[in-house]
Amino acid sequence: MRGMTLRAIAEACNGVYYGSEDNLDKEVTDITTDSRKVQNGGLFVAICGERTDGHQYIDNCFNDGALCVISEKELEGQTNSYIKVKSSLQALKDMALLYRNNLDIKVVGITGSVGKTSTKETISYVLNKKYKVLKTEGNFNNEIGLPLTVFRLRDDDEVAVLEMGISDFGEMDRLSKIAQPDISVITNIGLCHLENLKTRDGILKAKTEIFNNMKPDGIAILNGDDDKLITVDEVNGKKPERFGINYKDGVYAKDIENLGLSGTKFVISGLNCVDGCKDFEVTVPVPGHHMIYNALAAACVGAALELTSAQIADGITDLKTISGRNNIIKTSKYTLIDDCYNANPVSMQAGVRLLSEVPERKVAILGDMFELGAEEEKLHYETGRYVAGCGLDQIICIGTLAKQYLAGITDVDPSANVIWFATLEEAMAKLPDLLKEQDAILVKASHGMHFEKIVAYFKEM
């Protein structure tokens, strides 16, 4: 890892080095917090977590070839190299900042309430048409995950596409200090993490901390259809670039053709591509109205990094879904819309809206949405009222909070075909009796509801 010598790391972390002087100017090969992934010549960061204390694995890491470890404890009798720090978590971030500054690379930072991951995927597919791209994998988008993603970068990587998720004020400032984005993308300001951020204005304030550490000549790319983001007039002395469907003063979609579960076709207009093309047709092969926004954001990033219109269109066309996020699965009996990785009121409405557009019998299996704060019951109730107007054939609500879906649905439509189960186990025992062959089934809830078990059950039927 370029420039990541033990001497430089100790200095960056304000740590005290113990061990052979001969190792001080050696570069580590890798940095990890998982003792099972230690590489020969690598560095292990011992973190005291909720479930286990990483310090107990230090000897094993040295046996597996680690050059050094980061430790919050003095390791008496240890002859191998280690760096003692006050906080291993802070050291992780300090090292990520050091490494980020050692690399000549463009960084695209992505945040927002809904659609971060699908936007990250779309941007990555587009940029792959010209560059070697490293992107955030899985849920590695927080104050531990982001540094670990940065540590995966190597000299031949040209662009990093980094997803950044938060739940409180100040977190985005700390994340953006590590990422130092050249381009910052905010997808939208919705209703999530209200326990700490309280209101959408609070969410806007927290998300826009991404600009605090953006490169001085950086570009902000914002959703022009979002009523909160439209209030951001200036970032680093420049007007942000905007995209939208209703917003027509920037990059926008026109001539939209819904292809159902096969996606959407439309024309991107107003983009300043390196080839001079301002209007061109694209097909997003992933269903959902929200995917238009993801494609527009990706097109803006692509144009900023000098891709041609053809490269942008090809990247969008190549897009594939990932498990748990609007993933279409065809089984012998059903068509599943697997969107069970996470949920909030905005994404729940988007998922139900997508289901409402399919020609098959429409079944929604909806679970609790978490981290909605004091108004969680009201937000579930209002979501239920929305669901009631979407023309679904069968609605299955699962979970304590999901009982409010039932109340909202029946208040709007007392004759709605809706049923509530307190637990996942109760629901799964009854599912065969509630479904019909060839049903289109949306499976959506917050990740803690473990609705991936429902998806696995359907796939095995």
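Predicted model: local features only at pLDDT ≥ 70, side-chain atom pairs only at ≥ 80, totals over all residues.
**Entry 1**

I started with the strand order. The sheet is open and has 9 strands, which run β7-β8-β6-β9-β10-β11-β12-β13-β14 with mixed pairing. I then looked up its edges: β7 (133-135) and β14 (279-284) each pair on one side only. From one strand to the next, the twist averages 20°. For background, I noted that strands of a sheet pair through backbone hydrogen bonds, either parallel or antiparallel.

**Entry 1: strand β6**

Next I went to β6, residues 106-111. Of its 6 residues, 5 are buried, and I wrote the strand down as mostly covered. On one side I followed its pairing with β8 (residues 159-163), which is parallel and has 5 bridges. In that pairing Gly109 stands opposite Leu162 of β8. I also followed the pairing of β6 with β9, which is parallel too and has 4 bridges. Here Gly109 has Ser184 of β9 as its bridge partner, and Ile110 stands opposite Val185.

**Entry 2: strand β9**

Which way do the residues of β9 point? In this strand, residues 183-186, I found Ile183 and Val185 pointing one way and Ser184 and Ile186 the other way. All four are buried. I set beside this the general rule that in a regular strand the side chains alternate between the two faces of the sheet.

**Entry 3: on to β10 and β11**

I kept going along the sheet. β9 pairs with β10 in the parallel sense over 4 bridges, and Ile186 has Leu222 in β10 as its bridge partner. β10 (residues 219-223) is joined in turn to β11 (residues 241-244) by 3 bridges, and these two strands also run parallel.

The loop between β10 and β11 holds Asn236. Its phi is positive, about 50°, although Asn236 is not a glycine. Is Asn236 buried, exposed or partly exposed? I have it as partly exposed, because its relative accessibility is 37%, between the limits of 20% and 50%.

Gln438 lies in the loop between α14 (424-434) and β20 (440-444).

**Entry 4: Thr119**

I turned to helix α4 (residues 116-127), where Thr119 has its place. Thr119 counts as buried because its relative accessibility is 1%, and the cut-off for buried is under 20%. I then checked what its side chain touches. The side chain of Thr119 makes a polar contact with the side chain of Asn294, at 2.8 Å.

**Entry 5: the second largest pocket**

Rolling a probe the size of a water molecule over the atoms shows where empty space is left. The second largest pocket holds about 1100 Å³ of space. It is lined by 29 residues, and those closest to its centre are Thr33, Asp34, Phe140, Ile144 and Leu148.

Which element gives the largest share of this lining? I found that α5 does, with 4 residues. Both α5 (145-151) and β2 (31-32) supply at least two residues each. I sorted the lining by class as well: 9 residues are nonpolar, 11 polar and 9 charged.

Notes
Residues numbered from 1 in each chain as written. Heavy atoms only, no water. Pairing = 2+ DSSP bridges. Axes fitted to C-alpha atoms, helices over the stretch in contact; angles between N-to-C directions. 1 Å grid on protein atoms, 1.4 Å probe; cavity = no way out; pocket = protein on both sides within 12 Å on 5 of 7 lines; lining within 4 Å. Points joined across faces, edges and corners; volume = space filled by probe spheres on them. Nonpolar A, V, L, I, M, F, W, Y, C, P; charged D, E, K, R; others polar. Buried < 20%, exposed > 50% of the residue type's maximum accessible area, 1.4 Å probe, protein only. Polar contact = N/O pair within 3.5 Å; in protein donor to acceptor, adjacent residues only side chain to side chain.
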